[in-house]
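Thanks for coming, everyone. Have a look at the model on the screen while I talk.

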Amino acid sequence: MPKLAIHGGPPAKTKPFPVWPIFDEREREALKEVLESRVWWRTPGTKTLAFEQEFASYHQAKHGIAVTNGTHALEVALAALGIGAGAEVIVPNATFVATASAALFAGALPVLVDVSADSYCIDPELAEAAITENTKAIIAVHMGGRPADLDQLTAVAEKHGIALLEDAAHAHGSEWRGRKVGAFGIGGTFSFQASKTMTAGEGGMIISDDDDFERLARSTHDCGRLPGRWFYDHFVYGSNYRLSEWQGAVLLAQLTRLDEQTARRHANGRLLDRLLSELPGITPQSHDSRITRNGQYAYIFHYDKRAFASVPTDRFVEALEAEGIPTQAPYPPLHKLDLFTSGAYRDRLSGAQARANHEFLNDAFPNSQREAWETVWITQNALLGDEEDMGEIAAAIRKIGENARDLL
C-alpha cells in the first residue's frame with residue numbers, strides 16, 4: 001500500500017494542474033494598446049465600456065456596469081435599490097463577509113438565514129420565513145458557481161414585493177434552465193478578484209435588465225453623474241467606483257476564454273461527481289437538472305470523517321494537499337465572525353434597529369456549520385485539467401481513505 005505523501009511517500013498527483021491566472025498575447029496586446037493610447041481612465045476610454053457591453057451580452061442581460069471589485073458591486077447595487085437605515089436584507093449565513101457587510105455599509109441589517117444541506121446555497125423557505133415589513137431584498141449567493149434555486153427565490157421575491165439580487169461572484173457563465181445567471185432578479189454582481197474564474201487581479205460587475213435600476217447604479221458608481229449630462233452635474237449621492245481601462249482591457253481578453261473554460265470546468269465537475277460519489281464518506285455538492293452549466297469557482301464536497309478513521313477535516317485537507325491536490329478554505333459561518341459576536345455590526349445601524357435583540361444570531365445554522373467545517377473545496381484551476389487529472393484527484397482521496405489511520 002503506497003505511503004501517504006504527507007509522510008514522505010510519492011504523491012498521487014504527478015502531472016501539474018493548469019496554472020492560474022491564464023494569459024497570453026491577448027492580454028499583452030490589450031495592455032499595450034491602453035498604454036500607447038495614453039487614455040488610461042475609463043471615462044474617455046473604450047476598453048471598459050466594451051467590456052461592460054460584452055460581459056452583459058454574454059450573460060444575456062441588457063446592462064453591465066464595471067466597478068472596482070465585487071464588494072463594491074454589492075454596495076452600489078444596494079444603493080441603487082434605495083436600501084438604507086432601518087431596512088433589512090436577507091443573506092445566507094454561508095458566504096463571504098462582503099454579502100453581509102454590503103448591507104451594513106448601507107446602514108441596513110443583514111438578516112442571516114441558513115443554507116440548504118446539499119447545495120450550500122440560501123434556503124428559499126427559510127428566506128421567506130425571515131421576511132418582515134422591513135425586508136427590502138434577498139441576496140442569493142451561487143455558492144461555488146452552483147446556482148441557488150432561482151425558481152423558488154424569484155417566486156418568493158415577487159410574492160412579497162421585494163428585490164432579488166444575485167451574488168454571482170462565483171458564477172461567471174453559470175446557467176439555470178439554459179439562461180445565464182445574474183439577471184433573474186433585479187440584477188446580479190460579479191467579482192474579478194485573483195481567484196475568480198476570470199480576473200484582472202480585482203474588479204467587479206453589475207448586470208441587470210432593469211433600466212431604472214441600471215440608471216441609478218451607473219450614477220452611484222460615477223459620483224452621482226448621469227451619462228450624456230454635464231461632467232459637473234451630480235444628481236444623486238454617489239462615489240467613485242469606476243474600473244480602470246487597464247482592468248477593462250485585461251477582462252476583455254479574459255472574456256474570450258470564459259465560455260470554453262466554463263464548459264470544461266462544468267464537464268470535469270460532473271465527472272468528479274461520478275468518481276467521488278463512489279468513495280465512502282465523500283458527498284459532492286448537489287447538482288440539479290435545472291442547472292445547465294455550473295461555473296465551478298470551486299469543486300465542493302462534504303467530508304464525513306467517520307469513513308476516514310475520524311481524521312479531522314483540517315488533517316484530511318493537509319494530506320490531500322500533500323498528494324498534490326490544491327484546496328482553498330471554505331467560508332466560516334457569518335454569525336461566528338467577530339463582526340457579529342462582538343456586536344461591532346451594530347455600529348453601522350441606527351435607531352431602534354441598533355438596540356434591538358437580533359434573535360437570528362442565536363440560531364444553530366446547522367448547514368452553515370456543515371459547510372464551514374465539513375466541506376473541502378478544490379480550486380477552480382484544477383477543473384481546467386483533463387480526465388486523467390480528475391482520476392488522479394479521486395485516486396488521491398481513495399489513497400487517503402485506505403491509509404487514514406496513519407494520520408491519527
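Start at Ser310. At 42% relative accessibility, Ser310 counts as partly exposed. On this scale, buried is under 20% relative accessible area, exposed is over 50%, and partly exposed is in between, with a 1.4 Å probe and protein chains only.

A quick word on ground rules. This is a predicted model, where local features need pLDDT of at least 70 and side-chain atom pairs count only at pLDDT 80 or more, while totals for chains, interfaces and linings use all residues. Residues are numbered from 1 along each chain as its sequence is written, and side-chain values use heavy atoms, with hydrogens and water left out.

Back to Ser310. Its phi is near 65°, a positive value in a residue other than glycine. Where does Ser310 sit? Ser310 is in the loop between strand S12 (298-303) and helix H9 (313-322). Helices here are DSSP runs of H or I with at least four residues, strands are runs of E with at least two, and both are numbered from the N terminus.

Now Phe365. Here too phi is positive in a residue other than glycine, near 50°. Phe365 lies in the loop between helix H11 (351-355) and helix H12 (366-374). Buried or exposed? Phe365 is buried, at 2% relative accessibility.

One more backbone point. The peptide bond from Trp20 to Pro21 is cis, with omega near 0°. Pro21 is in the segment before helix H1 (25-37). Why flag these spots? Because most residues other than glycine have a negative phi, and most peptide bonds are trans.

Next, the whole chain. How many helices and strands does the protein chain have? There are 13 helices and 14 strands. The radius of gyration is 22 Å, close to the 22 Å from the globule rule for 408 residues, so the chain is as compact as a globular protein of that length. That radius is taken over C-alpha atoms, and the rule is 2.2 Å times the number of residues to the power 0.38. Along the principal axes, the C-alpha atoms fill a box of roughly 75 × 55 × 35 Å.

Of the 408 residues, 58% are buried. Take the contacts with a separation of 6 or more: 72% of them join residues 24 or more positions apart. Contact means heavy atoms within 4.5 Å.

On to the sheets. Strands of a sheet pair through backbone hydrogen bonds, either parallel or antiparallel. Two strands count as paired if DSSP finds at least two bridges between them.

S13 pairs with strand S14 (residues 375-379) over 2 bridges, in the antiparallel sense. There, Gln328 stands opposite Trp377 in S14.

Another open sheet has 3 strands in the order S7-S6-S11, also with antiparallel pairing. At its edges are strand S7 (179-180) and strand S11 (291-293), each with a single partner strand, so one side of each is left without a neighbour in the sheet. Strand S6 (residues 175-176) and S11 pair over 2 bridges, antiparallel. Trp176 stands opposite Ile291 in S11.

Now strand S9 (residues 204-208). It is mostly covered: 5 of its 5 residues are buried. Gly204, Ile206 and Ser208 point one way, Met205 and Ile207 the other. Strand S1 (residues 63-67) pairs with S9 over 5 bridges, antiparallel. Strand S8 (residues 187-191) runs antiparallel to S9 too, joined by 4 bridges. Watch Met205 in S9: it is the bridge partner of Ala66, and Phe190 stands opposite it as well.

Last stop, Lys196. This lysine is in the loop between S8 and S9. Lys196 counts as buried, at 9% relative accessibility. What does Lys196 touch, leaving aside its neighbours within four places in sequence? Its contacts are Trp20, Ala169, His170, His172, Ser191, Tyr297 and Gln380. His172 is 24 residues away along the chain, with 8.6 Å between the two C-alpha atoms.
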